[in-house]
Amino acid sequence: MGFLDFLKGKEYKEENVENSAENQTAEESVEEIVRGAVSEIEEETEEKVSEDIVDEVVEKMTGLENEVKHDVEVSMASGEMPAENAETDAEDEQETEQAEEAEAEEEAAEESEEAEEAEAVTETAAEVTEEHKKGFFARLKEGLEKTRKNIFGGLDSLLGGFTKIDDDLFDELEESLIMADLGVETTMKIIENLKKRVKKEHVEDPALIKGMLEEEITAILTEGAEEEFKIIPPTVILVIGVNGVGKTTTIGKLAANYKAEGKTVLLAAADTFRAAAIDQLKIWGERTNTDVICHEENSDPAAVVFDAVNAAKSRKTDVLICDTAGRLHNKKNLMEELKKIAKVIGREYPEANTEVFLVLDATTGQNALQQAKLFNEVADITGLVLTKLDGTAKGGIVIAIKNEMSIPVRYIGVGEGVGDLQAFDPAEFSKALFEK
């Protein structure tokens, strides 16, 4: 190592890195450090360094040391950093402030954007909800077109043929209502109420009978109407009814509706007797992306329900819907089987809410009412599903069932689409029935 390297502080810097500050004690003077370094140089070069050069180096190093000490003392006394550092810190501080301001502006912009998006989403949701309501009522009204025409279509001409309200008018009206499948009991109740109102309100114009009839039917449909029916998980729904009423299709549509509400659904193919019933339910399972628990054809329906219930429990499924064999109310063995299935559900899943939905074909008119009465004698029916209301001119059966039975109508089918199986709302039904 040359002497110039020493003047540049190379060796001193290296020693500082290798040794701690404790080895470079304050007791060593500049002269001692310089002379120690000179001795090493002399040993390496085997040449004698002039004393004048040593003195000169010591003098310069001592002066440099004093200047550094003075600058440090001044800085510490004033609490200021050297100008170069001060400028750097000032620049850093300014950059930090600018960064913070930019970040704050960015956050404010993001918050504003999020607020705008939230407002837009809210507006869109409101529009969708309103559109859904309009679509729901429009489909209901369209589905009840034949029923409305059958009950009220000929009413204007019937009433127009009378100049006064008398027994003949009421006889004609009674026949018209019975033909619309309101049934004898419901029809007689309406006619009796109309006669009392005509007498009490001194009504003479036959045309006013139409409005009074609408009010009577609306009163029947809305009387004692409960709050909106809701499925509370976990729930097991047992779907029963005679063949051909649309049980399996109803189950598929129920599954689609419940899944649209965010519920988890499982299907059980317990109709093991009818040919292709299991395959039909599997097709609905594929359409609605719903698992189907099934056994081989002609296997024990109660065993299928047993496996399905335990699957629903282990998966924590919200709704289990069980298809069952179509049965006539006078088939004792099938009705006993239905009791067996209900017993399995009660034993294996007592904590679940159990619903028994009887599916009725509205096109069968009074026969549907008779089925409901007889099924109710052997099964604990909790709700009715009336299908094919869009294909019948005898939708008055809804009014008859509502008047004569304490079993609530849960759903009505007013079309072939999945969305056409609608929760029964008495007020909406009445409105759709009478609105032109």
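The model is predicted. It has 436 residues, and 39% of them count as buried. You will find 17 helices and 8 strands in it. If we take contacts between residues at least 6 apart in sequence, 76% of them join residues at least 24 apart. The protein exposes about 24,900 Å², with 49% of that supplied by carbon and sulfur atoms.

Now the charges. Side chains of opposite charge can pair when their charged atoms come close. How many salt bridges does the structure hold? There are 11.

Start with Glu 261 and Lys 263, whose side chains meet at 2.9 Å, N to O. Is Lys 263 buried or exposed? Its relative accessible area is 17%, under the 20% cut-off, so Lys 263 counts as buried. Glu 261, at 51%, is exposed.

Next, Lys 340 and Asp 300 form a salt bridge at 3.4 Å. This pair links distant parts of the chain, 40 residues apart: Lys 340 sits in helix α14, and Asp 300 in the loop between β3 and α13. Lys 340 is partly exposed at 43%, and Asp 300 is partly exposed at 34%.

Helix α14 also holds Glu 336 and Lys 339, 3 residues apart, or about one turn of the helix. Their side chains meet in a salt bridge at 3.6 Å. Elsewhere, salt bridges with shared partners join Arg 197, Glu 201, Glu 215 and Glu 216 into one network.

Last, a patch of negative charge on the surface. Asp 167, Asp 168, Asp 171, Glu 172 and Glu 175 gather there. One of them, Asp 168, is in helix α8, residues 167–179, and is partly exposed at 49%.

Notes. Residues are numbered from 1 along each chain as its sequence is written. This is a predicted model: local features need pLDDT of at least 70, side-chain atom pairs count only at pLDDT 80 or more; totals for chains, interfaces and linings use all residues. Side-chain values use heavy atoms; hydrogens and water are left out. Patches are made of residues with over 30% relative accessible area and no salt bridge: like charges are joined within 9 Å, nonpolar side chains (Val, Leu, Ile, Met, Phe, Trp, Tyr) within 5 Å. Accessible areas come from the Shrake-Rupley method with a 1.4 Å probe; for residues, only the protein chains shown count as cover. A salt bridge is a side-chain nitrogen of Lys or Arg within 4 Å of a carboxyl oxygen of Asp or Glu. Lys and Arg count as positive and Asp and Glu as negative; His and the chain ends are not counted. The place of a charge is taken as NZ of Lys, CZ of Arg, CG of Asp or CD of Glu. Helices (H or I, at least four residues) and strands (E, at least two) are DSSP runs, numbered from the N terminus. Buried means under 20% relative accessible area, exposed over 50%, partly exposed in between (1.4 Å probe, protein chains only). Contact means heavy atoms within 4.5 Å.
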